[in-house]
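Subject: The model we talked about, with notes

Hi there,

Here is the structure I promised to pass on.

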Amino acid sequence: MTSVQLFNLTTIGYFVAMILFIAYLVTRSRVIALTATIVAWAGFAANTAAITLRWFEGRAMGYSQAPLSNLYESIVFFSWSILFIYLLMDLKYRQRAIGAFVMPFAFLGMTWAQLGLNDAIEPLVPALQSNWLTYHVITCFLGYAAFAVACGASIMYLLIVNKNQESGFFSIFPSSKVLDDINYKSIMIGFPLLTLGIVTGAAWANYAWGTYWSWDPKETWSLIVWFIYAAFLHARFTRGWAGKRAAWLSIFGFAATIFCYLGVNLVLSGLHSYGS
């Protein structure tokens, strides 16, 4: 079996888990919720095995870099990161309804990678070959994944706020207090990871191009995203921001994150264009 075939199984697993989580919202069946979680774990295991196998496939071809060097590899790692953060949150909160709002991010990422991107294993240009690549990509994408979970919880929060949760469709949702807490805790995880990602990226840039910072579009947008989440935490600590304002800022922050990750690579030109 090849890594691409394992990634296909991962996509199927994430799709099935997503449908089951949505079915749980309708049926409120604990059996369906448990099955969805088991399938999500199975998809995560397949995703992990696929990334590991792709690393060995690259080494067999004579390439030493981690499988994080192009858009295809970053997308499948982003999906893996989303499941990693989500499953950690699930172990703590046991709020299965959140899966219906987080799994689509991972499924859409895997679908795009499998159907729309070049999956060939190719060498990284010599100037960029460094262990800083691994540190930079892992920290950045774990941060992005935490922001995705925060965004999913924020969307749920905005759907139920001012609603009567005692009965009806929304009664299966976690309480607004739990969703607000998940939003805050996820950003508390993601922000230091993003900070590390920017620092390791600067070290990598100095290794590759001889300068720590060059105001490349990717670097500029990374700084914008950092300031958005820094503002979120500052407002939380000093102004007590919570609820609707925190939820909207979290969603806005994730939209900026996606543009930083994909929009800059696909729309703007710069030093990170190699990633496309």
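A crossing is called left-handed if the near helix is turned anticlockwise from the far one by less than a right angle, and right-handed if clockwise. The helices themselves (H or I, at least four residues) are DSSP runs, numbered from the N terminus. This is a predicted model, so local features need pLDDT of at least 70 and side-chain atom pairs count only at pLDDT 80 or more, while totals for chains, interfaces and linings use all residues. Residues are numbered from 1 along each chain as its sequence is written, and side-chain values use heavy atoms, with hydrogens and water left out.

**Helix packing**

Two packed helices are described by the angle between their axes and the distance between the axes. The axes here are lines fitted to C-alpha atoms, for helices over the stretch in contact, and the angles run from 0 to 180 degrees between N-to-C directions. Angles under 35 degrees count as roughly parallel, over 145 as roughly antiparallel, 65 to 115 as roughly perpendicular and the rest as oblique.

Helix α1 (residues 3-27) packs on α2 at about 160°, and their axes are 8 Å apart. α1 is therefore roughly antiparallel to α2. Their crossing is left-handed. Sorted by class, this contact has 20 nonpolar, eight polar and two charged residues. For the classes, Ala, Val, Leu, Ile, Met, Phe, Trp, Tyr, Cys and Pro count as nonpolar, Asp, Glu, Lys and Arg as charged, and the others, Gly among them, as polar.

The axes of α5 and helix α8 (residues 243-267) cross at roughly 140° and come within 8 Å, which means that α5 is oblique to α8. This crossing is left-handed. By class, the contact of α5 with α8 has 15 nonpolar, four polar and one charged residues.

**A look at Ser154**

Ser154 sits in helix α5 (residues 131-160) and is among the α5 residues that meet α8. Is Ser154 buried or exposed? Its relative accessibility is 1%, so Ser154 counts as buried (buried means under 20% relative accessible area, exposed over 50%, partly exposed in between, with a 1.4 Å probe and protein chains only). Leaving aside neighbours within four places in sequence, Ser154 is in contact (heavy atoms within 4.5 Å) with Asn183, Ala247, Ser250 and Ile251. Ser154 and Lys244 are 90 residues apart in sequence, yet 8.3 Å apart in space from C-alpha to C-alpha.

**Salt bridges**

A salt bridge is a side-chain nitrogen of Lys or Arg within 4 Å of a carboxyl oxygen of Asp or Glu.

- Glu73 pairs with Arg54, with the closest N and O atoms 2.7 Å apart. Glu73 lies in helix α3 (residues 71-93) and Arg54 in helix α2 (residues 30-60), so this pair ties together parts that are 19 residues apart in sequence. Glu73 is buried at 3% relative accessibility, and Arg54 is buried at 2%.
- Asp90 pairs with Arg96, with the closest N and O atoms 2.9 Å apart. Both Asp90 and Arg96 are buried.
- Lys185 pairs with Asp181 at 3.2 Å, N to O. Both lie in helix α6 (residues 176-209), four residues apart, about one turn of the helix. Lys185 is partly exposed at 31% relative accessibility, and Asp181 is partly exposed at 24%.

Best wishes

Conventions:
Helix = DSSP H or I, 4+ residues; strand = E, 2+ residues; numbered from the N terminus.
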